Every structure is written in C-alpha cells, then in structure tokens.
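Here is a short briefing on one protein model. Keep the structure open as you read, and find each part as it comes up.

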Amino acid sequence: MRMKGVCNAIPEETPDTAEELNPAEALSRRFDEMVQASRRVLDDSDERARRGVPGHGFFLPDGRVLSLDRPFGDSRYPLGFDGFNFWIYSSGMMHCNDGLFSVFLKPKEGADPNIAFFGGLRGKGAPVPLLSVPRTDAATERYQVFDGASSFHVVDADGIRYGVRVFVARDNAICFSLSASNRSESLRKCYLSSYLNPFMRHQIYESDEDRWFKQVEVFPNTGLSGFLASVDEDEDRFHSVTNYGTLQRGFCGSAGARLLGSEETASRNQYVGESKTLQRPHGVADECFGGDSGKPQLTATFVVDAIAGDRIDLELESGACARVDLVFRYTRNETLARKRVAALADPGQIDLDLQQVEREEIQRQEGINWQVSGGGGTLRPEAFNVFSRHLKNQVAFCSLIKGYVQLCENSLIGIRDVFQALEALSFWQPEVARHKMLEALGYTAPDGRCFRQYSCPSADGTPGRMDLRPFIDQGAWVISAISTYLKTSGDWKFLAAECGYHEIVDEPSGIVRQTEARDTVLDHLLRILDYLLGHLDPETRCIHALYGDWNDSLDGLGISQDPEKEFGTGVSVMATLQVFENLHAMAEMLGRVNRAKFAERIASYREAAERIANGLERYAVVESAEGKRQILHGWGDRRSYFVGSFRDPDGVPRDGLTSNAFWVLSGLWKQEDDPEKRASMKKTILDAFDRLDSKYGLKTFEPAFPRDIEGVGRIGKLPAGTAENGAAYIHATLFGIQALFGMGEPERAWQQLRKVLPFTELHRNLSHSPFVMPNSYGYNPGKQIDGQSMNDWQTGSSNVLMKVLVRNVFGFEPSFEEAWIQPAKYFPFGRFVFETEWADCRLVVEYENRGLGERRFEWDGEEAASVFDPILGTRKLLLSRKGLGRNARIRVVD
C-alpha cells in the first residue's frame, strides 16, 4: 500500500531548546550522544586500554557496553521481564522466546535473520543493513551499545546516520525505533525498511508445515499501515488455538523531514525478490514490492513465507531527521489484536515506556552497589566496576528464567540452578526472590524429593515438561538458599507462606500432577531434609549419589551392581557435605522459629550431622602408602571403586575440586577444634588445588577422564579439557575460590579470580560475552580449544561470583540476627565503597588500605570495637539487627 505525503507528527518550526525536541530529534540526539561517548573511548589510547574487553568490546563510562564487530565469537544481551527473553547479539542477530513460546526464532547459522532493517538512498546502490546482519559488501562504520534496558545500533552511510533502538516495554511489547538523520550539506532522498518474520509457536525449531498455518495481512489505517499475523497451533488432539501478532507503526519527523510514501508486503518472496536472500533484498532496492505486477501482496499464507515487510520513503533536508517506530505484541485475543493493529505507534508514549524501563533498571541496581578504585593491575577499576553492574543483571536473569534459554527441549528450569541464583539475588532483591522460590518449591514431591527440572504450566493449568531424574543434591540447594534469604531479608513470615506439591504419575515420561495438599514453606523444608536423610548410607553415613550430584555429567556413581535395583550404594562426598551444612542450618532455623516445639528435631539434626562428620572423616579421606591424603569425589556401589582418588577406575590418580571446596564451604573444616588437624587438612586441600590449577583457573578434575572409563557415566564423552571434564568449569572454580577465602588465603583466591573474570587480557580467545560470566574455559590445544566456552548468561558461575564478592571480598556476612563486616585481608585495589540494605538500614562500608599494619573500624565517625579472626587473619566487626537505625556508615582502614 503506497501513500503520498503522510506524516502524523511533523512540527512546523524547529524547536529552540532541548526540552522542546520532538521524538525524532530526541532519538537522533541519543544516537549522536552514543557515538560521541564511543568515540571518546576509541580515540583515546589510554581510555581504550582502561575500558577495552575481549571480543572488540569496551565498557563505557555510563556503564553501557560498546560492542564492535567481532572477528569470531559473539556477544549478546537479553531484554524483557519475568522470563521473557528478547536476545540481541553483537552480530546483529535477534530472536525472542517466552519459555517454550518462540516469538521470533533464532535462525540457524548462516541463514537469513528473522528481524532485519535497511536504509539507503533512493535509486542508488544496494540497501545498507542497519544491523550487522545480513552481511553485505557495504563499507560502513558501526556502533552497537548494550545495557539492561535497551540496545542502540548506529551506522553511517552516504551522508546519512541511521540508527535502530530496541527495548522491551514493561508489558513485554517489543519496541523498535528507526532513525535517519541527514549529515550532508544537501537534500537527501532516502528510505528506511523493516523485515520481521514472527513465528509464534510453542516450538524451538521450524518445520516445513508451519507456513501452512500462518497468515500475515497488511491492516490499512489512517497512517502507516499495521500488520496482523495469525498462527494456528494444536495444544493437543482436541484443542487448537490461534496466536495473534500485531505490528503497529508510526512516523515522526523534524522540520525539513517529509514522508514521501510507504509500501508494505506480507510476502517474503516479494521482499527479497529474485535474490532469494536478505543479503540483497531486491524488493527493497527496486522501490516496488509488486515486481512486474506492481501490486504488493497484502495477505500471505500457505504457499509463501508470510512476513511483515515495508519500505518508507523519506526526503530530508540538511540537518533534518526522521523516525519510524514499530511495536510488536502478541495475544490470543483476536478482538484485542485487531484493536491494537488499527492504532498507530505513538513515539512519545514509546519514549515514556523506555524511561520507565530505564528507571526500573536503575532501581534494580540500587539494592546493592560497590565501586573500587586505585590499583587493581590488569583488573582495572573502570572495567571491574562496569562488569559488576552487568553481573547483577546476569544473576537476576538466571533467577527469573522460564526455561528454554539454550533453545533445546531439555533446557527447563533447574531446581539447583534457580535456587543458587535466587540465593544471590536475595542480597538485593529479596521480594523478587521470594516469589520465585514459592513457584519452584511447588515442584517438590510429597516425600520431599525436589524435581531436577520443571517448566511452567500451560494456560489451562496443565503441568509442563519435567525432568524427574533423581539427582540427589537438588533439595540441598533449596535449604541453603532459603537459609540465606532469611539472613538477608529477615522475612521469617516466609516460612509460614503456603505452596503446593506435585506427585509423580509416570517417572520415565516425566508426567506429574499437582496435588490438593498445600502446606508451609517450613513444612516443605522439613520434608526435603527428611528425603535427603532417607538416602544416608547406614555403613558410611554418607549420602547416596542416586543419579548424580551437582556435577551432573559424572552420573555413574549411583549405578547398582544388582540388576534388580535401580541405584546402588555409591556416594557423593560433595552432596554429603551439603547435607551436613543443611542439618546445621535447619537446626539453627528451627531454634529461631520455636526451640521448644522443635527440640526433638533439632537434637536429631545435630546427631545426624555428627554421624555424617565421622563418616566423612573415616571414609571420604584416603591415604597413600607414602602418607599423603586426598578427599574423594565419591565411590561406586559397595565401595567397589573410588573417583578422585590415588587410583581411579582407569588406574591413574585423580583430584576432584568440589569435594575439596565443600569440605570448607560446609563448615566441616572450620569446626575442627584441633589446630594441628585443621592445618593438616588445609594442606591437603591446598595441595589438591595446586594439582588442579591451570591457565584458566582451578579445573573440576585433573586429569580428564578418558572416553572408555567405567563407573563415572557420560563425563568421559566430553572432550578432555572441556566443560566438567578437566577444564576450568567456572562454577566449580568459584567454589574453590570461596574455599580459599574461607581458609584465610585471599591472595591465592585473587590469583584465581584474575583467571576467571572474562574481561582481562588473558581471555583473548573468548567466544562469548565479555561483560558477563561464561560457564567454562576450555583448554585442549590438540583440538584447537584455548579459552573458548560452551555458553554465557545462564550459568551458575554468576551467582557464585556474586556471593564471593559480597561475602568474601567486601566482607558482608549476615546471619539470622547479626552480620559480620569482614573484608578480606588482601584486596588488589586501594579502596572500595560497598552499599546494601539490611535490617531496614542503608549500610555503607568504606574501605581503604593505608598500610597501617593493623585493621581498625569506625562506625558513623566513632571508633568501633572489633575482634580478631585467627582464620581470616584480620579483625572484623559485628553488627546486630537491633538498633542499627536507618543509615549506618562503617569505615575500615588497613
């Protein structure tokens, strides 16, 4: 549909002040400011050195990330709320899913994108991609800037500055704003063009039949036409639904900007033309989607790929700018969809929506903050501070997922994964963590067994896909996370909140149903701990591995030698240590709730913890003929073989990281009263860490498992030096770093932190985003693997790093009634300021290293009494929840 001279928002006169800028000019100015901020870094060699990160990225002073085109690998950022993920890549690729519902599919490598934008001069040359994909031969200068609220993409070509801004509004509307600004001295006739190919199915992959049940039609109205997409899909044999997608468009221009016309098509064939590809969309370049017929296809279905494509022709005087907005939403309500598509996109309202998103981003960041300065070496304060901002976004992302982040059928919501993330999130967003914890607790069986993974129910309440494999560690993370939540929030009413259960109907098929029974969070915790203790081995007093533990690729320890039994008596030492910690946490928690009522349980938990400690010391620590000791990772059925021992099933000695780390993290090492025994065990653990160390940090195992090894499961099928099999799997590496801090070895801990933080020069081969944590660093030169990773964003390394920084580095360690302020004895920077909310108090901790030789504390300007911690090797300050006031400022000087 072609229209002449239509414009719904062009001012008659040029505004005199910034406050009077119309939306087109305001957007153009934001693109200019973004380019200027980028050039200030790129053109200054010192700034480039201070702010550069691997993968052609730079941390800008305002906290955003500048990501230039990368020679290999890709960076990405998710936008959206409540598990709705709109992914934006430095390569220019975009895709979107809301759980299993794929709004825009992720294209296969090398395929055309499903979202693309173009610009160009009318009648002159090929269209210029406004994103980095599709790739063309056009010589252009590009800038891409990410943060947690929006992304900006800028390209300069032929005297025109083109820009694309993307954000997701609070209602998860996807908002694209396109800009064209004439930077030349003469009038320019140019165009902006959009291509969107929505999918809107509960699928991860596209089939050849999907196009049969999809339709897109151009919806004419008084301004720029909208698009209405409809997709039919079957929920089951008896129920079919229609998903509607609406694309609203709007135009705005400055003085000197004119809309010459607009043309739309619903046919991909017409948009790409004879080239058959977006690399040179002939329909755009030829200025007519109708081809020889001259008739654009306004409805497309069945035999063609239905898309929303347009070309908007503009005339811009020198200095003038124009803006086109597109807003995409989806619904199952046809009436609502038709009402939406009949309305124009309002640029002013869109800008207000973005301001709301930006305000919320600032508010989310304010719950906890820190800034470091001085020193740092290769860590660079400028880089460390900006990275910390995006780390918080990563933790929040991992906490609130709806599953299918990895876009595979088994990428659900892991109980262990989400509760670890929620434990970290509770330090600054406890109310958000509370809500998600209640959801996840509902996926507990009545016997206290936590499912391995779950997915959210359908609209009619039918339970989603489940992973019911009984990995023994799931419930241990639940208890640990809720214990931390109570310490950070003081929300003891949470234990009285109610949630339900799901019972297992068909375990192999993953079928469950929600029970009518509901009880409290505390009741759930009691059942969970009972389930864990029900798998205590009567001989060794250690916890049976069942399907496996946290290291789920090592899933062979639980296999039974008896073909009549599903699981044998194989043990996970790490899981046993976790249950030891759970017992102490629950005993303390119950004492706080009602000591008299729970006296019997408290006593039984303490007795069980003592039995477990004795069992671990007797069976989990082995000694060689030379008198050297090792902490086992675990053992197989009837202790027929060991893993992480002096002789594993493949006949070689091997160290495992997690059991050594959790010997400390569980509190077992610290509770040893005999200083000589404690020192001896510390040496055992540090010696293991020395053997596990590598270029990229502590490995999960050393050496890697061979492919044909028996008794350990599928871990040997991973290439040596990748993931959990002999690589720096960062989640585990950070467990080791936590343990080093806990043993009073902060310098060694920081040596490891320097290796795992992704923004340092060490990670020149980084394959993923340098501004958030990846999950691993592989190393196998024979397979040309050196520092690459499996993935980023959805990884537990983010939450462990968050806890390391808060608890160990900045030294904020809350308990149920008190909190210790105990910054680590060694700190590579000269100063830090740490702020958080605790006990209704805004707590500020200021640290400075003056080289005094002994630590001292000031509280609101007055010297404060502290105590010396012989393990940490420095002094620490105790705060009580009572009497803190609304604000407290603690000054720590070394």
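**Strand pairs, turns and surface**

Phe812 has Ile821 in β39 as its bridge partner. This pair belongs to a predicted model. Strands β38 and β39 (residues 818-821) run antiparallel and are joined by three bridges. Strands of a sheet pair through backbone hydrogen bonds, either parallel or antiparallel.

**The whole protein**

- The protein has 18 helices and 46 strands.
- Its C-alpha atoms fill a box of roughly 85 × 70 × 55 Å along the principal axes.
- A compact globule of 894 residues would have a radius of gyration near 29 Å, and the protein agrees because its own value is 29 Å.
- Of the 894 residues, 61% count as buried.

**An open sheet of four strands**

- The strand order is β38-β39-β45-β44, and the pairing is antiparallel.
- From one strand to the next, the twist averages 35°.

**Around strand β42**

- Which strand is joined to β42 by four bridges? Strand β46 (residues 887-893) is joined to β42 (residues 856-859) in this way, and the two run antiparallel.
- Trp859 has Ile890 in β46 as its bridge partner.
- β42 also pairs with strand β43 (residues 862-864), in the antiparallel sense, over three bridges.
- β42 and β43 form a hairpin with two residues between them.
- Asp860 sits in the turn and has a positive phi of about 50°.

**Around strand β10**

- Strand β10 (residues 141-146) is mostly covered, with five of its six residues buried.
- Strand β3 (residues 65-67) is joined to β10 by two bridges, and the two run antiparallel.
- Val145 in β10 stands opposite Leu66.
- Val145 also has a bridge partner in β11, namely Phe152.
- β10 and β11 (residues 150-157) pair in the antiparallel sense over six bridges.
- The two strands form a hairpin with three residues between them.

**Cis peptide bonds**

- The bond from Val133 to Pro134 is cis, with omega near 0°.
- Pro134 is in the loop between β9 (124-129) and β10.
- The bond from Glu702 to Pro703 is cis, with omega near 0°.
- Pro703 is in the loop between β33 (701-702) and β34 (728-729).

**Positive phi in loops**

- Met200 is not a glycine, yet its phi is positive, at about 60°.
- Met200 lies in the loop between β14 (188-196) and β15 (214-219).
- Is Met200 buried or exposed? Met200 counts as buried because its relative accessibility is 0%.
- Leu546 is another residue other than glycine with a positive phi, near 50°.
- Leu546 is placed in the loop between α11 (521-533) and β27 (571-572).
- Its relative accessibility is 7%, so Leu546 counts as buried.

**A nonpolar surface patch**

- Which residues make the nonpolar surface patch of about 430 Å²? They are Trp212, Phe213, Phe302 and Val303.
- Val303 lies in the loop between β19 (299-301) and β20 (306-316).
- Val303 counts as exposed because its relative accessibility is 61%, and the cut-off for exposed is over 50%.

Methods
Residues numbered from 1 in each chain as written. Predicted model: local features only at pLDDT ≥ 70, side-chain atom pairs only at ≥ 80, totals over all residues. Heavy atoms only, no water. Patch = residues over 30% accessible without salt bridge, like charges linked within 9 Å, V, L, I, M, F, W, Y side chains within 5 Å. Areas by Shrake-Rupley, 256 points an atom, 1.4 Å probe, with all protein chains shown as cover. Salt bridge = Lys/Arg side-chain N within 4 Å of Asp/Glu carboxyl O. Buried < 20%, exposed > 50% of the residue type's maximum accessible area, 1.4 Å probe, protein only. Pairing = 2+ DSSP bridges. Axes fitted to C-alpha atoms, helices over the stretch in contact; angles between N-to-C directions. Rg over C-alpha atoms; globule rule 2.2 N^0.38 Å.
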